[in-house]
Amino acid sequence: MSETPTFALWHKLAGKPGGKQLFSAAMCLRVPYFRTVLPSVRELRPGHCEVTAPKWWGVHNHIKTFHAIAACNLAEIAMGMLAEATVPTTHRWLPKGMSVQYVAKAETGLRAVASLPELPDFGDEGFELGVPVTISGTSGKPVVTGTITIWVTPKKR
């Protein structure tokens with residue numbers, strides 16, 4: 001199975017000084033809306049992605065906590081990078097839905113972890129894949145939990 005260009009770039013940069021930040025900046029150039037949360041990809045491998053974002057005035061809501069939809073943006077980044085590292089180049093993926101629960105105030109910077117319990121089989125039929133995401137504050141306490149569903153299909157030949 002060959003790597004997606006995104007995952008290949010991660011492998012090229014992640015082990016170098018400043019490489020993870022360079023990868024994160026390149027990701028934001030490709031998907032400009034992601035930069036609104038100043039994300040930093042910390043870990044990326046098939047079935048797993050970890051992304052952090054600082055608490056800054058650009059993500060504040062009316063009570064100066066991390067805005068719920070900014071947290072959802074962070075969740076989508078973690079899911080998207082996981083998908084880029086997991087879905088083979090013979091297939092494509094598209095977000096289909098998101099279900100989230102806001103379980104506590106997000107008063108600090110956040111860490112989103114998207115992780116699959118097991119890697120799926122990528123066959124000849126399209127299928128829905130639920131990607132669980134947990135977003136925690138700096139204490140490790142979850143503030144948002146959810147599942148982002150993606151539709152995975154073989155590419156047309």
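**Exercise 1. Which residues form a nonpolar patch on the surface of this predicted model?**

Solution. 
- Look for Tyr33, Ile69 and Tyr102, which make up the patch.
- Together they have about 350 Å² of accessible area.
- Now place one member: Tyr102 is in strand 3, residues 91-102.
- Tyr102 has 45% relative accessibility, so it counts as partly exposed.

**Exercise 2. Find the residues closest to the centre of the largest pocket, and say which helix gives the most to its lining.**

Solution. 
- Start with the volume of the largest pocket: about 500 Å³.
- The lining has 23 residues, and the closest to the centre are Thr6, Arg30, Met81, Glu84 and Trp93.
- Next, sort the lining by element. Helix 1 (5-13), helix 2 (19-30), helix 3 (68-86) and strand 3 each supply at least two residues.
- Helix 3 gives the most, with five residues.

**Exercise 3. Locate the salt bridges and state which parts of the chain they link.**

Solution. 
- The whole structure holds three salt bridges.
- Glu43 and Arg45 pair at 2.8 Å, N to O. Glu43 is partly exposed at 31%, and Arg45 is partly exposed at 40%.
- Arg111 pairs with Glu50, with the closest N and O atoms 3.5 Å apart. Arg111 lies in strand 4 and Glu50 in strand 2, so the pair ties together parts 61 residues apart in sequence. Glu50 counts as buried, at 12% relative accessibility.
- Lys96 and Glu128 meet at 2.5 Å, N to O. This pair links strand 3 to strand 5, 32 residues apart.

How values were computed. Residues numbered from 1 in each chain as written. Predicted model: local features only at pLDDT ≥ 70, side-chain atom pairs only at ≥ 80, totals over all residues. Heavy atoms only, no water. Patch = residues over 30% accessible without salt bridge, like charges linked within 9 Å, V, L, I, M, F, W, Y side chains within 5 Å. Areas by Shrake-Rupley, 256 points an atom, 1.4 Å probe, with all protein chains shown as cover. Salt bridge = Lys/Arg side-chain N within 4 Å of Asp/Glu carboxyl O. Helix = DSSP H or I, 4+ residues; strand = E, 2+ residues; numbered from the N terminus. Buried < 20%, exposed > 50% of the residue type's maximum accessible area, 1.4 Å probe, protein only. 1 Å grid on protein atoms, 1.4 Å probe; cavity = no way out; pocket = protein on both sides within 12 Å on 5 of 7 lines; lining within 4 Å. Points joined across faces, edges and corners; volume = space filled by probe spheres on them.
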